[in-house]
Amino acid sequence: MTSSPIPVDLFVSKKHPGLTGGDLGFADASGNVIFRVNRQSSPKNKRLVLDSTGNPLISIYRYRNGSWQGFKGEDDQKQCIFRVQRTVNKLTRTELEVFLVGENGEDSASKLKVKGCPFQKSCTIYRGNDIVAQTSLMYKLRQLYAKRNKFRLTIFPGSNDHALVAALVVIFLD
């Protein structure tokens, strides 16, 4: 997906049509699955972000120290594109610091922060003081409690890597 002049809403759920068990889907307003994230059975610490046709976009690995790394495609840890470290992990609040990796393999000056509450499926992704994306539960009129099995991801203009945003949401929720 390319950068849009208006915010883009994706609806995140495990119950979109066409998903296999355990997959998480990111669908557009028409119900078309744009991204699919599946857990790899081996190794267990790997997630794979796929596009709508099943092509691997980002491989995500979780390490024992609680950090994460994202690699381009499915090339198994060859071309790192980001590193994530959890800086706050409390019951009601989690914060992640995301370091984007430049062409030469070193952390670039560009940095993202993810802040929110995983239980409420609510987080905001920041680049400096700008909001890149935001998740929220889907409330309906006359409903006291929102169901937590489906939520909205709004990606704001200026973000041109929607797969990266989807990968960060997956890391935040895990």
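Reply: Start with one residue. Asp-9 is partly exposed, at 32% relative accessible area. Here buried means under 20%, exposed over 50%, and partly exposed in between (1.4 Å probe, protein chains only). The model is predicted: local features need pLDDT of at least 70, side-chain atom pairs count only at pLDDT 80 or more, and totals for chains, interfaces and linings use all residues. Residues are numbered from 1 along each chain as its sequence is written, and side-chain values use heavy atoms, leaving out hydrogens and water.

Me: Which residue forms a salt bridge with Asp-9?

Reply: First, the general idea. Side chains of opposite charge can pair when their charged atoms come close. A salt bridge puts a side-chain nitrogen of Lys or Arg within 4 Å of a carboxyl oxygen of Asp or Glu. Here the partner is Arg-152, with the closest N and O atoms 3.7 Å apart. Asp-9 sits in strand S1 (residues 8–13) and Arg-152 in strand S12 (residues 150–155), so the pair ties together parts 143 residues apart in sequence. Strands are DSSP runs (E, at least two residues), and helices are too (H or I, at least four), numbered from the N terminus. Arg-152 is partly exposed, at 27%.

Me: How many salt bridges does the structure hold?

Reply: Seven. One of them joins Arg-47 and Asp-174, at 2.5 Å from N to O. Arg-47 lies in strand S4 (residues 46–51) and Asp-174 in the segment after helix H1 (162–173), so this pair links parts 127 residues apart in sequence.

Me: Is Arg-47 buried or exposed?

Reply: Buried, at 7% relative accessibility. Asp-174 is partly exposed, at 26%. Arg-47, Arg-62 and Asp-174 form a network of salt bridges.
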